[in-house]
2 protein chains.
Amino acid sequence: MSEPTYVIGHRKPDTDTVCAALAYAELKQEQGEEGVSAARAGDLNPETEFVLDYWDVEAPALLEDATGTRLVLVDHNEYSQTVSGAREAEIVEVVDHHRIGDVETSAPIPFRNEPVGSTATILVDLFDEAGVTIDARTAGLLLSGLLSDTVVLRSPTTTERDRTVAERLAETAGVGVEEYGEKLLAHKSKLGEKGPREMVLGDFKEFEFGSGRVGIGQVETVEPGVVLDQRDAVLDAMDGVVSERDYDALLLLVTDLLDEESTVLVAGDETATVEAGLDARFSDREAFLPGVMSRKKQVVPPLEAAFD
Amino acid sequence: MSEPTYVIGHRKPDTDTVCAALAYAELKQEQGEEGVSAARAGDLNPETEFVLDYWDVEAPALLEDATGTRLVLVDHNEYSQTVSGAREAEIVEVVDHHRIGDVETSAPIPFRNEPVGSTATILVDLFDEAGVTIDARTAGLLLSGLLSDTVVLRSPTTTERDRTVAERLAETAGVGVEEYGEKLLAHKSKLGEKGPREMVLGDFKEFEFGSGRVGIGQVETVEPGVVLDQRDAVLDAMDGVVSERDYDALLLLVTDLLDEESTVLVAGDETATVEAGLDARFSDREAFLPGVMSRKKQVVPPLEAAFD
């Protein structure tokens, strides 16, 4: 096989996606696989830039078109979230912690999806099963992915296994879970520097549900006011995205990391379906979702059901 | 959760599908999960009946309609092969060793697919990871699934891991791999008692490829002559199935277990596409496939590509 193999996460790379790609490519190299490297399908966010800088690791190269390559998908398993050209690539493996999406293959491949807080958590098992030691730097990357995706173990997606793995990785990396986690949260929250469109699309996923095309952005912050104080500009940006991409609904979750609740803004024609799905009532295009922190676990499943 | 959970294999239950369902349901019961039992989606074949009798295990109950239940799918992951009503059930887990199919979920679930020779092989890992000991009877069931799917470790799908696991299971079960394997093969080969339609549909899978609906039956035997001597009756039966089920192509692989080769018979309108996919030429609706033993690994991928 002369085609290159890329370990790659989704198109809106967050820290778990980037660190999982780096760590899994390293494991495969350690195991003697040739022609394997980590890649990314989009621009880095400030939190991930901080992480790579902190652990002194080079960013994976940007892959603009995957046509003709072999792909190991990490942290996603649906085509609407993959790198361009993925349908013309050979998908050779999947490691993920999301819902089961629409990726199909012709031949049997390793596909490992587990309902845990981060892809990093599963990768720790893969290192263990392969008998490969996790060094301090890789532990730092994996810990970053885990703490970022679980909002420092606060998200409802967090499992006991995530907590145990986080403690172990922190020890290997030589940092404290809470102390290092606070640094991550601080970078996640650098909202003041972002424009409204960036707030909407900075951490964004697109879904093809039964009867609708739905985009869901999320801002996780300790200062929700920074977004909500400029809600008119944010709603304008959302309307722009809806007409460009022809969404039936576009949601922006503004998640308060400290109070563990979200405010959701909505755009598109299918507000009634969104209301039914989330069991919430929008007033002036805004609704309050007490206890909601996880797009994946608390927002996507009921919306998919409502759009079916 | 008051809905029952069924661990269930595909609609044409073979020994790996039935034994995987029994063993995994047992593991879940051992782990204290409530309301979990094994089920089957179709009639047992003579080989599986022999296995259940040999290890003195009751057959899983037949599930005719899965609507409203929770399903753990073993040995398959596509809707065309699932129990009736699966689209109205909640799929809560998948353990398989085939291509990645079209099952999608709303929430993250455990999904473990590995390119090994049998689902039983993966289940041994799941017992180990759970720290649950495999008793002699369960080892016998798992060994049966493994040896049946790999044609006693002769199929090209067989991996080193399958060989290691088979030795270990045989030791626990107190049988010899080759000796017990020969008993299985003898039951797989009781062809003389079958009618032509039974030969076609006895071990049968249906696929929705890009541009075609394709059925592929397989007869694995040490006496291919028993099928090929009545090829006209078998072809008539195949034509009947094509018109009943509206297939674009229907293949019957007659696999010679000793010489490790197959003869394939064809029905339906898309013979040219099948020829292109298999790189074979049909003469009088029959072609010879040297070295081909595995439907999954050597027939499905090239056919899917040809129908795309």
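Student: Leaving aside its neighbours within four places in sequence, which residues is Tyr24(B) in contact with?

Tutor: In this predicted model, Tyr24(B) is in contact with Val7(B), Val72(B), Val74(B), Glu93(B), Val95(B), Leu123(B) and Leu126(B). Contact means heavy atoms within 4.5 Å. Because the model is predicted, local features need pLDDT of at least 70 and side-chain atom pairs count only at pLDDT 80 or more, while totals for chains, interfaces and linings use all residues. Residues are numbered from 1 along each chain as its sequence is written, chains are lettered from A and ligands numbered from 1 in the order in which they are written, and side-chain values use heavy atoms, with hydrogens and water left out.

Student: What makes a set of residues a nonpolar core?

Tutor: Its members are buried Ala, Val, Leu, Ile, Met, Phe, Trp, Tyr and Cys residues joined through side-chain atoms within 4.5 Å. The largest such core here has 52 residues, and Tyr24(B), Leu142(B), Leu169(B) and Tyr180(B) have the most contacts inside it. Helix 1 (residues 15–30) of chain B contributes the most, with 9 residues. Helices (H or I, at least four residues) and strands (E, at least two) are DSSP runs, numbered from the N terminus. A second, separate core has 51 residues, among them Ala38(A) and Val51(A).

Student: Why does Arg112(A) count as buried?

Tutor: Its relative accessibility is 7%. Buried means under 20% relative accessible area, exposed over 50% and partly exposed in between (1.4 Å probe, protein chains only), so Arg112(A), at 7%, is buried. Arg112(A) lies in strand 6 (residues 111–113) of chain A.

Student: What makes the link between Arg112(A) and Glu129(A) a polar contact?

Tutor: A polar contact is a pair of N or O atoms within 3.5 Å; within protein, one must be able to donate a hydrogen and the other to accept it, and residues adjacent in sequence count only if both atoms are side-chain atoms. The side chains of Arg112(A) and Glu129(A) are joined at 2.6 Å, so the distance is within 3.5 Å. The side chain of Arg112(A) also makes a polar contact with that of Glu114(A), at 2.9 Å.

Student: How do you know that Glu104(A) forms a salt bridge with Arg99(B)?

Tutor: A salt bridge needs a side-chain nitrogen of Lys or Arg within 4 Å of a carboxyl oxygen of Asp or Glu. The closest N and O atoms of this pair are 4.0 Å apart, so the pair meets the cut-off. The count between chain A and chain B is 1 salt bridge, alongside 10 residue pairs in polar contact.
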